[in-house]
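Trainee: Could we take a close look at one part of this structure, the ligand and what surrounds it? I'd like the distances and the definitions behind them.

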Amino acid sequence: MKIIGVTGGIGAGKSTVSAILKEMGAEVIDADHISRIVTQPGEPAWKEIVEHFGREILLPDDTIDRKKLGRKVFNSEKKRRKLEKIIHARVIHEMKERIKSLEEAGYDGIVVLDVPIPVREGFLDIADTVWVVVCPDEERIRRVMSRSKMERADAESRIRSQLPQEDYIKLADVVIDNHGDMETLKRKVSGLLNS
Ligand code: ADP
């Protein structure tokens, strides 16, 4: 089994690279998807978040009111860290469980860890190799606007709120420049897989 950690800033093409690898037969473990599952009512991260931040961050149906929670942690580095720690710990746990199940089932192919936040401990350190997808910011803005039907200012502020691409690159074993069309990206991914 070979574990590839795929990461990159919003709009650079991380999910697209994961989707291409999936098409080529890889098993994809999506950290974003897992984080949504573990924060559902009654799930482990949900319980810890409610214990720590109180029931006032819940909507009437007990789901987390992300806006309220966001406002609560917005001005406090300490609270934001605590929230991240709760979610990361549970996501990492679940990712490791999924890898273990694949191993137990005798899976011997490629596993992709699709992680939007490049955290070394627990995410990238369990990958055999880390691929970072990058793209010029102007192109990222255009892609985010069209993917998420977002205004330009919102797309720009989402990009600005993240780590700069240079910080992602520092973590990379492989940098994929996604400044080109889909076919070019597919060729690059296929080349890397076969190298
Ligand atoms: P990320 O996961 O990094 O936020 P996505 O993979 O979702 O980014 O890509 C953002 C948007 O750009 C998506 O709508 C995707 O289909 C599109 N996209 C990604 N790569 C390319 C490319 N090489 N050419 C054209 N569109 C692309």
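At what distance from an oxygen atom of the ligand is a polar backbone atom of K14?

Mentor: Happy to go through it. This is a predicted model, in which local features need pLDDT of at least 70 and side-chain atom pairs count only at pLDDT 80 or more, while totals for chains, interfaces and linings use all residues. Residues are numbered from 1 along each chain as its sequence is written, and side-chain values use heavy atoms, with hydrogens and water left out.

The distance you ask about is 2.8 Å, between a polar backbone atom of K14 and an oxygen atom of the ligand. That is a polar contact, a pair of N or O atoms within 3.5 Å (within protein, one must be able to donate a hydrogen and the other to accept it, and residues adjacent in sequence count only if both atoms are side-chain atoms). R147 brings a polar side-chain atom to 2.7 Å from an oxygen atom of the ligand. From G180, a polar backbone atom is 2.9 Å from a nitrogen atom of the ligand. The protein buries 80% of the 560 Å² that the ligand exposes when taken alone; these areas come from the Shrake-Rupley method with a 1.4 Å probe, and for residues only the protein chains shown count as cover.

Now the shell itself. The ligand is surrounded by 14 residues, and the closest are G11, K14, S15, T16 and R147; a residue is near the ligand if one of its heavy atoms lies within 4 Å of it. By type, the shell has three nonpolar, seven polar and four charged residues. Here Ala, Val, Leu, Ile, Met, Phe, Trp, Tyr, Cys and Pro count as nonpolar, Asp, Glu, Lys and Arg as charged, and the others, Gly among them, as polar.

Two helices, α1 (14-23) and α6 (137-148), each give at least two residues to this shell, and α1 gives the most, with three. Helices (H or I, at least four residues) are DSSP runs, numbered from the N terminus.

As for where all this happens, the ligand sits in the largest pocket. On a 1 Å grid over the protein atoms alone, a pocket is an open set of points with protein on both sides within 12 Å along at least five of seven lines. To sit in a pocket, a molecule needs more than half of its atoms within 2 Å of the grid points.

Key
On a 1 Å grid over the protein atoms alone, a cavity is a set of points where a 1.4 Å probe fits but cannot get out, and a pocket is an open set with protein on both sides within 12 Å along at least five of seven lines; lining residues have an atom within 4 Å of a point.
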